[in-house]
Amino acid sequence: MSEQKLSGEVFYPSKEVIEKANAKCRHLYESAEKDFLGFWETEANELHWFKKWDNVLDDSKKPLYKWFTKGMTNIAYNCLDVHLNNARRNKLAFIWEGERGEFRSYSYFALHRETNKFANVLRSLGVKKGDRVTIYMGRVPELAIAMLACARIGAIHSVVYGGFSVEALHERLEDSQSKVLIVADGAYQRGKIVELKKIADEALQRAATVESVLVVKRTGHEIVMQPGRDMWYHELMHLPIAHSDDSVEKMDAEDPLFLLYTSGTTGKPKAIMHTHGGYMVGTYTTLKYVFDIHEQDRYWCAADPGWITGHSYIVYGPLLNGATSFMYEGAPTHPYPNRWWQMIEKYGINILYTAPTAIRGLMKFGEAWPNRHNLSSLRLLGSVGEPINPEAWRWYHKVIGNEKCPIMDTWWQTETGSFMITPLPCTPLKPGSGTKPFPGIKADVVNEEGKSVKPNEEGYLVIKTPWPSMLRTIWNDPERYVKQYWNRFPGMYMTGDSAKKDEDGYFWIIGRVDDVIKVSGYRLGTAEIESALVSHPSVAEAAAIGLPHEIKGNAIYAYVILRTGYEKSEKLIEELRLHVGHEVGPIAKPEKIEIVESLPKTRSGKIMRRVLKAKALGQDPGNLSTLEE
Ligand code: WTA
């Protein structure tokens with residue numbers, strides 16, 4: 001590929017990187033182009049199946065696609081058991097460092113043993129195949145163990161990000177009808193304790209389906225245990241019952257593996273559903289080729305397991321590849337801005353995968369912090385969550401990667417399960433572009449009529465053919481699945497992003513075209529923030545928008561109309577900010593709240609957020625013909 005002449009600022013990968021890469025680029029793209037089902041089938045054949053599939057893809061009921069039909073497998077078996085009879089048995093699966101400097105590691109043998117014990121604990125509490133289990137913890141190994149244990153017995157996990165708060169957790173417990181909640185007593189974040197169990201207790205007051213609460217002791221601070229409902233994880237793991245069984249549930253490829261709630265166009269967060277078979281093939285294949293996992297590598301995805309990046313690329317993808325994964329509990333700058341760089345040096349990390357917001361946040365402390373450390377173990381870098389601005393890209397490339405590490409800017413979504421538009425290590429890079437669709441993926445940029453736009457013209461980013469790790473449905477709302485993703489352009493998956501494709505066929509993501517706001521790479525919906533505001537007694541109406549922010553990418557601005565009898569004051573504004581933090585979570589706290597007399601609305605009563613945004617940015621609000629007044 002390197003002989004190709006490309007326009008703009010281009011970084012060509014070195015010969016060493018290309019030669020070492022798992023992905024033989026040209027061959028991979030060409031073979032997938034010729035026969036994309038054959039491409040995925042070859043990959044699926046590298047994994048373990050109790051019974052092979054009849055069909056790679058069943059598209060008879062579009063868009064309700066099925067993959068590897070009638071195939072029987074279990075993703076947790078492929079993550080752990082398959083490694084026990086080879087050299088990986090004693091290889092480290094996880095290396096973990098706590099924010100306060102504690103260290104733990106798990107070999108594949110140990111991780112399998114712990115997972116199996118916890119699977120037995122869950123079984124003994126009556127958790128069966130298809131039951132939902134909610135997990136609410138910080139970044140600790142028990143989180144991965146809990147996910148894998150659920151998968152092992154066929155239960156469906158629903159991980160709720162530890163940065164979410166009471167209402168967000170309550171909504172998710174209720175919607176998934178979870179039988180069990182696995183929670184930590186607390187989590188360390190920037191030297192403070194986030195009181196997860198206390199938040200959970202409040203959320204549980206109105207969650208009728210939860211029968212048992214299993215509590216992982218992380219902080220050891222005082223919490224309330226409700227007799228009959230709450231049990232300590234470490235006590236259960238010591239019971240003989242934990243050693244009773246070694247079996248794995250044989251799952252149909254299309255059986256649900258997990259639900260993950262994410263924000264969408266309007267209304268409440270929705271549960272995206274992924275399966276054992278297709279999701280497994282997608283995460284395994286993409287990680288192997290993009291982050292080029294080799295046996296001796298130490299790989300670090302610095303995301304949170306509570307989001308899709310953590311599901312796919314901290315837990316499932318790395319374990320499927322038999323990788324050694326590093327996991328760090330805390331904040332990048334705690335206690336000092338060199339915390340990450342220190343750990344890269346200490347553990348000899350080869351691959352670092354993070355988000356632009358983290359890079360920008362670290363960049364602001366200057367080069368001196370990373371320059372104090374030996375980062376020469378790094379071979380590949382990665383970025384995800386929002387477009388990376390070229391300045392951050394260049395800093396990451398030069399200061400962290402010493403100009404020798406290609407940056408894998410991976411575009412994908414909770415819904416896609418795995419990378420969709422991404423370079424491979426052999427791809428020439430342009431800062432700010434995710435380059436090209438992964439082999440087997442067909443992406444395009446289209447106009448209002450669904451026709452491909454010309455190079456460098458902005459349009460809707462769509463995916464034109466199905467892929468194994470695609471979401472199968474929205475839990476409890478199958479109609480919304482079809483409506484939201486497949487109806488806008490028949491036959492095409494609508495991503496909700498706008499993008500451009502340049503003359504070299506490189507994709508440039510511009511941003512969301514719906515009411516999703518990406519704050520520090522975290523996905524939030526305007527509706528969640530607005531309903532949290534309106535739940536406060538003083539608020540009659542609210543509108544939230546995202547405005548550009550130097551570090552966070554976007555920051556939330558909210559406009560609020562007060563109920564009669566309430567007076568505008570700084571104290572009330574601060575109270576409203578804290579209220580959103582309490583309801584949704586600290587990440588959702590608006591940067592600024594403005595109290596207004598009215599909001600721009602269409603004649604049918606919908607708030608015109610784009611008008612608010614244009615006004616805040618001092619821009620022309622565009623077509624106002626539908627504005628009420
Ligand atoms: C955005 C995160 C530009 C995009 C994996 C997408 C990106 C949304 C990139 C999904 C990237 C993700 N460049 N934008 N490399 N990666 N996005 O579901 O708007 O939390 O639709 O999944 O993040 O967010 P989600």
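Modeller: A residue is termed buried when its relative accessible area is under 20%, exposed when it is over 50%, and partly exposed in between, using a 1.4 Å probe and protein chains only. The model is predicted, so local features need pLDDT of at least 70 and side-chain atom pairs count only at pLDDT 80 or more, while totals for chains, interfaces and linings use all residues. Residues are numbered from 1 along each chain as its sequence is written, and side-chain values use heavy atoms, with hydrogens and water left out.

I begin with the rings. There are 38 aromatic pairs in the structure, a pair being two rings of Phe, Tyr or Trp (its six-membered ring) with centres within 6.5 Å; planes under 30 degrees apart count as stacked, over 60 as edge-to-face, and the rest as tilted. F11 and W393 form a tilted pair, because their planes meet at 45 degrees, with 4.8 Å between the ring centres. F11 belongs to the segment before helix 1 (15-20) and W393 to helix 15 (residues 390-400), so this pair ties together parts 382 residues apart in sequence. Helices (H or I, at least four residues) and strands (E, at least two) are DSSP runs, numbered from the N terminus.

Elsewhere, one aromatic cluster is formed by Y65, W467, Y481, Y485, W486 and Y493.

As to the core, the largest nonpolar core comprises 159 residues, and F118, L122, I182, F291, Y316 and L424 have the most contacts inside it. Such a core is a set of buried Ala, Val, Leu, Ile, Met, Phe, Trp, Tyr and Cys residues joined through side-chain atoms within 4.5 Å. Helix 6 (residues 141-153) gives this core its largest share, 10 residues. Residues up to four places away in sequence aside, L424 is in contact (heavy atoms within 4.5 Å) with partners including Y29, Y289, V290 and F438. A second, separate core has 28 residues, among them W340, L352, I359 and I388.

Turning to the backbone, most residues other than glycine have a negative phi, and most peptide bonds are trans. K62 and P63 are joined by a cis peptide bond with omega about -5 degrees; P63 sits in the loop between strand 1 (55-58) and strand 2 (66-69). Another cis bond runs from H334 to P335, with omega near -5 degrees, and P335 is in the loop between strand 17 (324-328) and helix 12 (339-347). D292, which is not glycine, has a positive phi near 50 degrees. This residue lies in the loop between helix 10 (276-290) and strand 16 (298-301), and D292 counts as buried at 2% relative accessibility. S520 also has a positive phi near 50 degrees; its place is the loop between strand 26 (516-519) and strand 27 (522-525), and at 21% relative accessibility S520 counts as partly exposed.
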